Structure formats: structure tokens, C-alpha cells
Amino acid sequence: MNRPRRPKGSHYEPPRPNVSTFFTSILEPFVAIFSPWRALPPEAPCAPFHSVGESFELLSARILAKKSTSTALREYKRLKAIDPSLRLTGPAIIVFLRSLLKLGLHTPVLEVLEMENLMVEEGIMRLKIAMEGLSPEQRRRVVGRLVEVGGDLRQNRFRSLVSGEIKSFEAENVTVKSDSEYARDIRSARDGDEMRKLLDEIVSTKATITNGTSQLIASRLVELNELSLGASYALEPLINTSKSNYIAKICDALCDARQYGAGYALIMKALKTGKYGLLSDLDMKHGVRTVDTMSQPYQQLQDLWNAMKSSSAIYPRDLSYHTYAAFLGRATRLRLGPLGSFREGGGETPLLTMSIEIIVRLTDKEKKMAKGLLGSMLEAWIWSWGRTCRQKPDLRSLEGSIPFMASFFNILPPESRDPAILMAVERITTNCISSGLEVWPVRIIWPFVSTLAQTKIWQEEESISLWATERVLLRKRLAPTYLRYRTDAEIARFIARHYLPLRLGLTGPKRVTQQTQDAERVLVRMRSLEYGTANLPDLSVFALAILAFKDTCIPSTTLLIDTIYTLCRLHRYADIPILLSSLKSYNITSSRSDIARLIRLLTKAHPESALKLLQTYPDTQYSVFAQFIVRTASLYPDLALRAYQLLTPPTLHYFSRFQPKIPGRRLPGRKLLIAMGWKFANSPVLSPRQCSRYAQKCLKAMLMLRLDPGPKMGWAIAVAGIERAVRAGIPVSREWGRVKWVLKAVSKNAGARRAAEVDLLLRSWERKIWDDRMGMRRRS
């Protein structure tokens, strides 16, 4: 059968069949007995490391893993020649001696003991442990071989000790101290060498110690400043017993000594061992501290969390609330990622994902306990995202929300969510004020409002988190924009809940007072505004909201003013007269000065609503009527005339043959009638004939009241009777009776000079009309 041959590379050398190769393979076992060095299979040396210490640590790991003994022995001698102070751990020495004895290498055993400075009783103890599992006959043979091997003076002394202990080597078991004896020896240890001997003895004899002794070991190592020794034994289960918090003590000491990197490396090594119970909850909590001053704290904190999740040394379910809080607090202190990471991740960072995952693992009770941490996290999240988002928000929609925050709010219970949002809002406000920055820039506050619109908070109008956000909107003058997305009932509740006494219903003092009871009663009434409008169609929602304060000790006058102000900001001027007229029957009204200011405001913004208020409150000051009439006479003459009819007695109306049945109140003043005549004369919405008629009636009212019209009134008559007709191209003749009356009135009130100017204007206008007519005749 022809099988494909293996391809031969450039390294391939064909075998050279000869007799010596055959005999060498037969004699190889005998050679191993008489010359053990040649029996060891060759192996590639250890990979070079940056330092001798790192290479020695790798060698210790290879020895514990029972790799090739020949390579380990060569590498051990090479490294000891470079630095004789290097020492193997107790378990590594025992495994190394056991491997050498198994191969029959007795001389290297003595060399290793000598280089480890164990040519005393301690070395004998190590040999006893290494020979565990051998029969008494095999032990006697090994001891005899060690005694026969030649060597220097120190080895001879050691051989003499071994020969004196031959009977003890034949014993099967090694005497192990009790936990109390080890505790006494650990307390009396004076330096690191004595501690090392005790720890090696515990490991070599496989002694069982309690958690208290393990904690004592960590404390003594910290007191003796042997932190590296403590870290080297931290991964030994016999020293670091389960739930002893050994690593937490060592990590704290390393961090206090500014050796954060060593502490972080210790935690990561412990997580990679996979020995369950080697790490406790407190160990992980103190391990988070090690990332404080690392070069890349963002990445290292994330690596620590990922290593913990994938490790079998400890599981996430074993962590307590305080350890989760340590991770969350450290991520918050790091602002959930470096600057610009939110933009690169589309609103998501690894630390943000880790924080949300931690919060999901918490119970509702723990989430309530963590409201302070949640507030700090939200403050960092909102501000960090806002600093990287430079896009101007669109105030015409509620679409540009902060990514993932709405879903995060929906998984939080209200007991922890609302205080956290309140705390975050107040912290951002305080930080902006203290640092001199703009308080809640629009590019941050509006996406935050858009986020709330996508959560349950938007419908929970009594939520303190929503109240805090609305206070910021009021401060930023964005309340009108915000209220455009709310119904009338929600707007009414918005006005009421920012009225200070009402907050006592939820956030007031603990003691029960009449004011708190009334506030709670008002809250109940406010919840049913929608049903009230169905039962009382004559009352608006805003009127019902104000009437909810009736029969309570909380006054409603300020609330009425706030409602009117809010309606003005929303440009809903037509609702204001309806609101005031409906409340007037319930004896709820504002002061005369407030009504006057409101009418003056609406005169410019919405004259129709201002006139309705004048009709509702006819006893308003004369100056308010006069100002309304003067400001509306030019553009809204009908409204001005209706207001004039409310102000004056029926005998002085002259503007309508239908006399209103309103008793006369006061007489119009001279300035008002002159201003009315001038405004009517120059009104762009009146025809020239209407201008002349209205101006003449103003003059007639002045003459009836025996007031001096003055030059301005005479000039107004001239403008209304002649100039407006000339400007409109209407033929006017001096022979007409109306024109003669105008010239006479101008001459009497404005003077002969003004009358001459008007007469000259008429003559030029008549000549122009005559010329135009003659020209038309010639052309025809």
C-alpha cells in the first residue's frame, strides 16, 4: 500500500543507520543510573524576561507545574549565579526536590538546598516532606545515597545531620503543629525570614489554620513591611484561607505604600487562578482602590470587572452592595470614561455599560440605598454627554434624547429614581454656579427633558424629579416651550405645583398642620381636573385649578396671577378674560393695580382680550381706558370706540345711534379727545370720509364739554377733511359746504396761517384736477 510520505523541510536530515545508534538506545537506561545528567531530555530554555525577578517567577511556576526538570535545573543555576538572593517558595522547593529525587539526582538535591540556604534542620524537614509517599526502604536508600555523595564542608555537615536523623526519615508521617502553635510563632516572628520559614512550614506540612490565623499572618507581614512576601503567598490556599480577607489587607498596605500596580497585579492574578474561595467580597472591594493612580484607570477598571465576571475564584452573586458601590463610585469619579468617549461610542462607554449592569444586579432595597451614588452617576452621565454633544437641540420636538438614559430610568423604582434625579439636577446647578459656567445650557437641558418625555416620569406629575426639572426650565425661560407639549390640565397642575404652599403636600414638614392637610386636599382635587370640566362646562380647567384652593388656608390670589402670567407667556391671551370673568362670580379676583397692568400688557399684545377685560371691570382707572383708546384708535378704531362708549356718558357717544344702557361714569378729558381726533385723522384703516366724520365728532364732544380744541385739533380736522382726500385722489372743491366748514374750523382753532396753508393746498389741488380734465378733453 502506497502511503503519501511526510514532506521533508530544509531542517530534515535523513537517518544514518549505524551500529552505535542501536547500542546507544539499548544502554540508555544504564547510562541514566551511572550518569544521570545525560538521561535528562533536552528542552528549550525559558523565554527571556525584562528582569531576573520575572524570570525567576516564571521558573517557580514551571517547577510547580512539574515541567522538564533538566531545563528547570539549568535555568535555576543560571539565575542563582546572577542573583544569589533569589529564593523559591516553600511549595516550589518541595516539588523541585521531589522531582530530583524521582530521577535519582542526589547531588543536585544538595546543591539546591545549599543555594536556598537550607543546610540546617529546616532542610531536613523539607526532605522529609519531599519523600512523603515513599516506603521506609526507599527512604533509607535515598538517605544513604545522600550521605555517600561527596561535597564541600557545608554538605558534609548536612550529611552528618542527615545521618543523625536516619530513623526519623524512616517514619511515614511528619509532625504538624496546631493552629494555636502557629499563631504563637507568628506573633513572635521578628523579621521576614522567620515569617518565610513559618509560611513554608505551613505549606510544606499542609497544616490547617483558621481564618483568624490567616488574618494574623497578613497583619504581621504588614507590620514587618514584608508586602512582597505577603503577595507571594496570597495565592496559596493554605495561607489565604477562604473568607479571611487576606488579599484585602495586603492590597490596602500596597496602596498605602503607593504600590498601586502591585496591588492591581495581585488581584488580577488571584482572579486568573480559578480557585473558588481564594477571593472574598472584601478583597474585591479593596481591589477597586488599586486603580486610583494607574496610567489607564478607565481600561484597568473595566478589565478588573471583566476578569471578575469571567473568573471562577469569585462570582458576581458573591459580591455585596458595598463592593458594587465601590465599582460604581470609581466609575463615577472617572466620569464614566475619558473625554470624547461618548461621541466615539454613540452615547455609550464601557464604564457606563458596567455601571448599568451593576445597577441591574442590585435589589430594590439596595437601589434605594444607592440613591446618592445614582445621583452622582447621573450628574456625571448628563454632564459628560453634554460636553461631547455640540449639536444644537431642536426645541420644536422631543426627539433628541440622551441615549440609553430613558431605558435606565424605567428600570429604577420611583423610591430611588426620583431622589437620584433631584440630586443630579441640584448638583449640576450648584457646580455650574460655583465654576462660573452657564447653568444648564440648552444643549443639555432640552435633551434631558426629551429623555424624561420617553419615560414613566412624564405622566407622574407629582414626581419630585419632574418638579426639579421644571424649576430649571423656569430658570432658563424655557417653560413656555415645555408647556406646548402639555394639555390644559397638565399646564394648570404645572402652575399649581410650583406654587410654594402646595409642595407641603409631598415635601413639607413631618408634623401635621392645617397647611399640610389643606395641601394634601388640594392635591386630591387637582388630580380630577379632567373630570371637573365635564361636569362644569362653563368653567375652564384653569378656573377649576384655582377653585381647588377654596375653603383652605392657602390663598389663591398668587396662583391666579401666576396662571395669568403663564397664559401670557404661552400667547393664550383669549383665555385670560374667560378665566377672570368666570372667577369673578366666586369673588376671586386680583387687585385693581394688577388688573390695570394686565390690561396695559394686553393692549399691545392682544387688544380684543384687553377690551373684554375693560368690559368685565368697567370701574378700571380712567388712565387705563385712555391709554387703551389712544393705542388702538389708529389700527383698531372699532375697539377704541367701544372702549370710549364704556368710559363716557351716553350723551357724549355720537358714534352710534344705538345708545348702550350703561350709566355715565366720567367725562373724557381734553388730551384724550385731541389724541382720538389725531389718531382717527391718520388711521390707515379708515376711509377719508370716516376719518373726517370721527374727527368732527371728537371736535363736537370737546365743544359740548366747553374744552378748548387747540391748534392740534384744528390741524387734525384739516388732515381728516382735506389732506386725506387729496392723498386718496378724491376731488375736493372750496365751494362745498363741508370744505367751507373745515376751513372755518381750521381758521378758528389752528389760526389764519394754517387756514391759508390749507386754502393753498386746495387751490393747487383744484388746478391740478382742472388741468387733468382739460388734457383729457384735448386728447379726445
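1. Basis. In this predicted model, local features need pLDDT of at least 70 and side-chain atom pairs count only at pLDDT 80 or more, while totals for chains, interfaces and linings use all residues. Residues are numbered from 1 along each chain as its sequence is written, and side-chain values use heavy atoms, with hydrogens and water left out.

2. Whole chain. The chain has 44 helices and zero strands (DSSP runs numbered from the N terminus: helices are H or I with at least four residues, strands E with at least two). Of its 780 residues, 48% count as buried (under 20% relative accessible area, 1.4 Å probe, protein chains only). The chain exposes about 40,400 Å², and carbon and sulfur atoms supply 54% of that area (Shrake-Rupley method, 1.4 Å probe).

3. Helices H15 and H16. The axes of H15 (residues 246-256) and H16 (residues 260-273) come within 7 Å and cross at roughly 160° (axes are lines fitted to C-alpha atoms over the stretch in contact, and angles run from 0 to 180 degrees between N-to-C directions). The two helices are therefore roughly antiparallel (angles over 145 degrees). Residues making the contact (heavy atoms within 4.5 Å) include Ile247 and Leu254 of H15 and Tyr260 and Leu266 of H16.

4. Thr69. This residue lies in helix H4 (residues 69-82). Thr69 counts as buried because its relative accessibility is 14%. Leaving aside neighbours within four places in sequence, Thr69 is in contact with Phe96, Ser99, Leu100 and Leu103.

Technical notes. Parallel < 35°, antiparallel > 145°, perpendicular 65-115°, else oblique. Buried < 20%, exposed > 50% of the residue type's maximum accessible area, 1.4 Å probe, protein only.
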